[in-house]
Amino acid sequence: MKCPISLEFFPPKTPEGAEKLRAARQKLYALQPEFCSVTFGAGGSTQEGTLQTVRDIMGEGVSAAPHLSCIGQTRDSIRERLVAYREAGIRRIVALRGDLPSGYGLGGEFRYASDLVAFIRSETGRHFHLEVAAYPEVHPQARSPDADLQAFIAKVEAGADSGITQYFFNADAYFRYVDELRRRGVELPVVPGIMPIASSSQLLRFSDACGAEVPRWIRLRLQAYGDDTASIKAFGLDVVAGLCEQLCKGGAPGLHFYTMNQAAATLEICRRLGL
Ligand code: FAD
């Protein structure tokens with residue numbers, strides 16, 4: 001099967017974490033990723049770590065894209081980041097609104113990711129390829145599914161080049177979302193974000209926070225496995241490899257793996273897909 005792959009990492013907090021990530025990346029490069037992206041902590045809390053990790057990846061000969069979130073930021077602070085990204089030779093950014101920890105309100109000079117995309121285009125023209133977030137199962141703060149589609153289209157109209165989705169386990173939600181976009185004349189690629197299942201508690205915690213639905217049958221099976229991590233991993237591989245197969249066969253333009261800085265699950269899923 002042919003399907004372009006991209007990989008997402010988060011910036012490690014310790015030298016040991018950096019070493020583990022380096023080792024994981026070396027294994028994952030066997031997949032010949034189109035690019036690797038590196039997340040950006042709430043309010044810019046990891047911005048130096050994000051840039052350093054991107055530099056490390058580029059130094060390994062692989063294309064890399066930092067994430068950049070605008071919530072709580074000023075035009076000057078974003079401008080500074082864009083200069084740093086440009087000077088580092090970066091050509092692709094994942095442009096996001098981001099979230100601040102509860103209690104921090106909104107703040108800053110940007111309200112939505114579409115404002116950030118417009119600002120990046122006005123400051124740097126077409127220098128960067130801009131990826132934006134898409135939500136086949138609807139962003140948790142959206143007023144309605146329709147309003148959320150409109151929010152995605154606003155990012156496209158502001159200058160985004162492609163979308164990466166929040167992860168999901170229901171392929172129909174993705175195909176329907178893309179159909180809705182096509183019906184509205186939006187043709188850009190929307191790459192599904194894939195979350196390998198490694199731990200039941202982590203997945204359920206993450207999913208509650210970001211609004212990704214874990215179907216009842218998956219949730220109940222995971223709960224039934226309790227502490228049996230081998231069974232959780234085996235079940236997770238079956239579920240996620242099956243999902244990826246459906247997506248690729250259905251015409252998804254690529255797969256973006258949320259690796260959680262681990263190599264094994266992503267490698268095994270891709271092996272099963274023959275990628
Ligand atoms: P937006 O597109 O601005 O949307 C946010 C909300 O506002 C949505 O509910 C939308 O419907 C609504 N909205 C947008 N425009 C309007 C409008 N004009 N009027 C009314 N409502 C509107 N978070 C991080 O902190 N760091 C990361 O590195 C990171 N990486 C991510 C990568 C991917 C691929 C994805 C899918 C998510 C990532 N996130 C990250 C999470 C993301 O920051 C959150 O989901 C955040 O809540 C929304 O960001 P956004 O860019 O989608 O925002």
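Mentor: In this predicted model, helix α6 passes α9 in a right-handed crossing.

Trainee: What makes that crossing of α6 and α9 right-handed?

Mentor: The term applies because the near helix is turned clockwise from the far one by less than a right angle.

Trainee: Why is α6 called roughly parallel to α9?

Mentor: Helix α6 (residues 171-183) and α9 pack at an angle of about 25 degrees, and their axes lie 10 Å apart. Angles under 35 degrees count as roughly parallel, so α6 and α9 receive that description.

Trainee: Which residues of α6 and α9 meet?

Mentor: On the α6 side they are A171, Y174 and F175; on the α9 side, L243, Q246 and L247.

Trainee: Which residues have the most contacts inside the largest nonpolar core?

Mentor: They are L68, F169, I197, L247, L255 and F257, in a core of 83 residues. Helix α9 (residues 229-249) gives the most to this core, namely ten residues. L68 touches, beyond four places in sequence, a set of residues including F40, L82, L96 and I120.

Trainee: How do you know that T124 is buried?

Mentor: T124 has a relative accessible area of 10%. Buried means under 20%, and T124 is therefore buried.

Terms used. Residues numbered from 1 in each chain as written. Predicted model: local features only at pLDDT ≥ 70, side-chain atom pairs only at ≥ 80, totals over all residues. Heavy atoms only, no water. Buried < 20%, exposed > 50% of the residue type's maximum accessible area, 1.4 Å probe, protein only. Core = buried A, V, L, I, M, F, W, Y, C linked by side-chain atoms within 4.5 Å. Helix = DSSP H or I, 4+ residues; strand = E, 2+ residues; numbered from the N terminus. Contact = heavy atoms within 4.5 Å. Axes fitted to C-alpha atoms, helices over the stretch in contact; angles between N-to-C directions. Parallel < 35°, antiparallel > 145°, perpendicular 65-115°, else oblique.
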